[in-house]
Amino acid sequence: MEINHKLKHFLATIPENVKLIAISKTKPAEDIMEAYNAGQRLFGENKIQELIVKAPQLPGDIQWHFVGHLQTNKVKFIAPFVKMIHAVDSLKLLKEINKHALKYDRVIDCLLQFHIAEETTKFGLNLKEADDLLSNDELTNLKNIQIVGVMGMATYTDDMEQVRNEFEHLANYMVTLKKKFFIDDHYFKEISMGMSGDYLIAIEEGSTMIRIGTMIFGEQNY
Ligand SMILES: *Cc1c(COP(=O)(O)O)cnc(C)c1O
């Protein structure tokens, strides 16, 4: 099936209030244009080098989401244009994003990444770490970032009950943080969870943003 058909087919299966981030990593600009021409405007990439090569070739009204691990020394490359950074897991990174966003007089939306999977990875916060980060006084000085929600990736497994549990945890963290730190902040509302293999469960558990690559563009070309 063509990308535009896959996209339309896909959009028909998800609720209207769930935003689709089309993950275009490893795919050429032509594929992105095909989805764009079918109406898609939110795209995600996980490699800085790839994003900064592709973005200038594509229409300016695309909202670019960076969904990969971001090193502080790479922030400067995407600060002029990136809409949202999904995987923020330190105050140091937030400060760096703020510093570069300020130069361009922009506010960059950020999500706090949680480690919800059983796999060991060095990325992602637990609730205590997120609580510490959000309690830090330095955060109030960062006017050029806005923390708009949370993000997480479930374990890569066939055990869908486990996946469901992990998403449920993330949704609970969201509620906890909302009550403690963002009670009057309407913008703190996003839960970025769900990929091609688990998005239906993610939506059932309260996802507001799903990050879908394979189901729209086909297998990644590594
Ligand atoms: C690649 C990727 C996705 C999309 O994965 P698919 O299984 O192709 O839908 C989502 N989120 C992140 C962080 C990714 O790196």
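Visitor: Which residue in β2 stands opposite Ile-23?

Guide: Ile-23 has Gly-44 of β2 opposite it. Please bear in mind that this is a predicted model.

Visitor: What joins β1 to β8?

Guide: Four bridges do, and β1 and β8 (residues 209-212) run parallel. Within this pair, Ile-21 is opposite Arg-211.

Visitor: Is β1 enclosed or open, and why?

Guide: Strand β1, residues 19-23, is largely enclosed by the rest of the structure, because four of its five residues are buried.

Visitor: Back to β2. Which way do its residues point?

Guide: Leu-42 and Gly-44 point one way, while Phe-43 and Glu-45 point the other way. All of them are buried. In a regular strand, side chains alternate between the two faces of the sheet.

Visitor: How many bridges link β2 to β3?

Guide: Four bridges link β2 to β3 (residues 63-66), again in the parallel sense. Leu-42 has Gln-63 as its bridge partner in β3.

Visitor: Which helices belong to the β-α-β units here?

Guide: Helix α2 (residues 29-37) forms a right-handed unit with β1 and β2. Helix α3 (residues 48-54) forms a right-handed unit with β2 and β3.

Visitor: Let us change topic. How many residues are in the largest nonpolar core?

Guide: The largest nonpolar core has 66 residues. Phe-43, Leu-70, Leu-94, Ile-97, Phe-114, Ile-147 and Ile-210 have the most contacts inside it. Helix α7 (residues 160-181) supplies the largest share of this core, seven residues. Apart from this core lies another, of nine residues, among them Leu-42, Met-84, Leu-111 and Met-209.

Visitor: What does Leu-94 touch?

Guide: Leaving out residues up to four places away in sequence, Leu-94 touches Val-88, Cys-110, Leu-133, Leu-139, Leu-142, Ile-145 and Ile-147.

Visitor: And the ligand: which residues surround it?

Guide: The residues around the ligand include Ile-23, Lys-25, Asn-46, Val-67, Met-153, Met-195 and Ser-196. Arg-211, Ile-212, Gly-213, Thr-214 and Gln-220 also belong to these surroundings.

Visitor: One last residue. Where does Met-193 lie, and is it buried or exposed?

Guide: Met-193 lies in the loop between β7 (190-192) and α8 (199-204). Met-193 counts as buried because its relative accessibility is 0%.

Visitor: What does Met-193 touch?

Guide: Beyond residues up to four places away in sequence, the contacts of Met-193 include Gly-152, Phe-167, Leu-170, Ala-171, Met-209, Ile-210 and Arg-211.

How values were computed
Residues are numbered from 1 along each chain as its sequence is written. This is a predicted model: local features need pLDDT of at least 70, side-chain atom pairs count only at pLDDT 80 or more; totals for chains, interfaces and linings use all residues. Side-chain values use heavy atoms; hydrogens and water are left out. Buried means under 20% relative accessible area, exposed over 50%, partly exposed in between (1.4 Å probe, protein chains only). Helices (H or I, at least four residues) and strands (E, at least two) are DSSP runs, numbered from the N terminus. Two strands pair if DSSP finds at least two bridges between them. A crossover is right-handed if, with the strands pointing away from the viewer, the path from the first strand over the helix to the second runs clockwise. A nonpolar core is a set of buried Ala, Val, Leu, Ile, Met, Phe, Trp, Tyr and Cys residues joined through side-chain atoms within 4.5 Å. Contact means heavy atoms within 4.5 Å. A residue is near a molecule or strand if one of its heavy atoms lies within 4 Å of it.
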